[in-house]
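Please put the sequence and the model up on the screen. I will go through them piece by piece.

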Amino acid sequence: MRIILVGYGVVGKGVTTILARRYAEKVKDYGFNPKIVAIADIDGAVIDPRGLSPEKLEALKQTRPISSDPEFGHPEMSALDVIESVEAEVVVEVTPVNIKNGEPALSHITKAFKTGKHVVTTNKGPLALAMPALTELADYNNVYLRFSGTVGGGTPMLEFAKRCLAGDRILAIRGILNGTTNYILTEMSQNRVTFQEALSNAQKLGYAEREPSMDIDGFDTACKVVILANWILNKKITLKDVDRTGIRDVSLQALDEASKRGNTIKLIGSIDGDRPTVKPTEIPKTNPLCVSGVLNAVTFSTEFAGEQTLVGRGAGGVETASAVLRDLLDIRHKLANRLLNNNSES
Ligand SMILES: NC(=O)c1ccc[n+]([C@@H]2O[C@H](COP(=O)([O-])OP(=O)(O)OC[C@H]3O[C@@H](n4cnc5c(N)ncnc54)[C@H](OP(=O)(O)O)[C@@H]3O)[C@@H](O)[C@H]2O)c1
């Protein structure tokens with residue numbers, strides 16, 4: 001499987017690390033033979049049609065910009081040029097999130113589809129803004145779009161619902177889907193610090209961005225709600241369909257009062273009924289969803305199996321890259337099945 005990697009930051013480097021580390025095992029267990037034939041970032045690209053060697057991938061981690069590599073560097077090439085001109089089966093799209101217009105990822109993904117390439121992405125932006133259209137475009141071009149790392153980081157929340165609960169009917173989904181806001185609310189309730197103090201601690205620890213709106217105003221959680229709603233519940237919604245309230249106005253007093261009732265306040269994304277919501281919500285401390293710190297948790301309410309809750313780390317470079325590897329294996333599996341079906345028909 002030839003792979004073009006677009007974006008070479010925390011997750012992109014995690015992908016090359018994981019592929020190099022698990023390479024021999026995956027070839028043995030799954031006949032999965034991944035080759036990174038190109039990496040494109042904002043400054044250009046490196047391209048080796050035979051696949052960049054593990055030694056080269058390791059060396060590139062120290063090369064800035066990567067396109068200055070004397071053997072394989074192409075400083076003049078944009079990611080779109082690379083997607084268009086380099087032969088590959090899959091594009092792994094891991095550029096920064098943008099919820100205003102989804103770019104540059106939206107163009108990368110549509111270019112990949114139009115040139116017959118499957119896409120694995122961890123980027124919520126294009127999905128939150130245009131998931132129904134993107135899944136349709138993938139179908140139209142007969143390619144796969146996978147995005148396991150967009151919800152839950154390395155924790156397989158999407159696959160759990162899609163595969164393990166197949167056959168049951170999922171009636172509702174509720175979750176703590178953002179580690180930054182969960183850290184802030186946990187700090188406030190357990191250590192009695194104000195919202196501002198907890199936010200600044202989160203920023204010092206690298207859990208929150210200097211511009212924290214995406215997390216604390218609930219946009220990140222809302223993006224994940226959109227992805228869950230489309231993928232698991234087949235609801236054709238986008239970001240504008242989610243009612244969203246962030247955590248800026250959660251006070252210590254409100255947390256104290258909740259605590260007297262044996263409860264606490266969490267930022268919950270919920271798809272239950274007509275309109276998906278993101279809002280600070282009082283839940284019992286004994287609820288399995290009630291996880292601390294940067295952890296994420298999601299509860300699927302099902303018709304037969306009852307409530308199933310999955311807990312895990314919702315972010316991290318290598319963790320999220322492990323979701324990319326899962327998606328690549330899923331595509332590999334689907335392609336192998338396609339081949340079998342075609343052979344049995346012919
Ligand atoms: N990190 C996590 O734990 C995590 C977890 C789940 C999902 N995600 C998502 O995964 C994606 C990647 O995250 P990250 O943490 O790896 O971000 P990152 O460290 O900021 O890396 C993004 C990379 O994309 C490059 N880039 C920017 N614009 C580009 C363009 N037009 N063409 C090609 N490359 C471009 C950047 O280059 P420069 O550095 O030169 O600008 C950088 O190499 C994001 O959408 C993020 O929301 C991340």
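Leu-267 stands opposite Pro-280 in strand 11. Strands here are DSSP runs of E, at least two residues; helices are runs of H or I, at least four residues; both are numbered from the N terminus. Two strands pair if DSSP finds at least two bridges between them. Before going on, a word on the source. This is a predicted model, where local features need pLDDT of at least 70 and side-chain atom pairs count only at pLDDT 80 or more, while totals for chains, interfaces and linings use all residues. Residues are numbered from 1 along each chain as its sequence is written.

Back to strand 11. Strand 10 pairs with strand 11 in the antiparallel sense, over eight bridges. The two form a hairpin, with five residues between them. Gly-273 sits in the turn, and its phi is positive, about 95 degrees. Strand 11 also has strand 9 as a partner: two bridges join them, and they run parallel. There, Arg-244 has Val-278 as its bridge partner.

What is the strand order of this sheet? It is 9-11-10-8-12-13, an open sheet of six strands with mixed pairing. Strand 9 (243–244) and strand 13 (307–313) are the edge strands, each pairing on one side only. Further in, strand 8 (170–176) and strand 12 (295–302) are antiparallel, with six bridges. Look for Ala-172: its bridge partner in strand 12 is Ser-301. Contact means C-beta atoms, placed from the backbone, within 7 Å.

A quick reminder on pairing. Strands of a sheet pair through backbone hydrogen bonds, either parallel or antiparallel.

Strand 2 and strand 3 (44–47) are antiparallel, over four bridges. In that pair, Ala-40 has Ala-45 as its bridge partner.

Four bridges join it to strand 5, and the two run parallel. Val-92 stands opposite Val-120. On to strand 7 (145–146): strand 6 pairs with it in the parallel sense, over two bridges. Val-119 has Leu-145 as its bridge partner there.

Are the faces of strand 6 covered or open? Both are covered: His-118 and Val-120 on one side, Val-119 and Thr-121 on the other, all buried. Buried means 20 or more other C-beta atoms within 10 Å of the residue's own; exposed means 12 or fewer; partly exposed is in between; C-beta atoms are placed from the backbone.

Now the links. Strand 5, helix 4 and strand 6 make a right-handed β-α-β unit. Strand 6, helix 5 and strand 7 make a right-handed one as well. Right-handed means this: with the strands pointing away from the viewer, the path from the first strand over the helix to the second runs clockwise.

Helix 4 (105–114) is mostly covered, with seven of its ten residues buried. Among them are Leu-106, Ile-109 and Phe-113. The buried residues pack against strand 1 (2–6), helix 3 (79–85), strand 5 (90–93), strand 6 (118–121) and helix 5 (124–140). After helix 4 comes Gly-116, with a positive phi near 75 degrees.

For contrast, go to the loop between helix 5 and strand 7, where Asn-142 lies. Asn-142 counts as exposed because it has 10 C-beta neighbours inside 10 Å.

Last stop, the ligand. Which residues come nearest? Of the 26 around it, they are Gly-7, Gly-9, Val-10, Val-11 and Ala-315. A residue is near if its C-beta atom, placed from the backbone, lies within 6 Å. Helix 1 gives the most to this shell, three residues.

Methods
Two residues are in contact if their C-beta atoms, placed from the backbone, lie within 7 Å.
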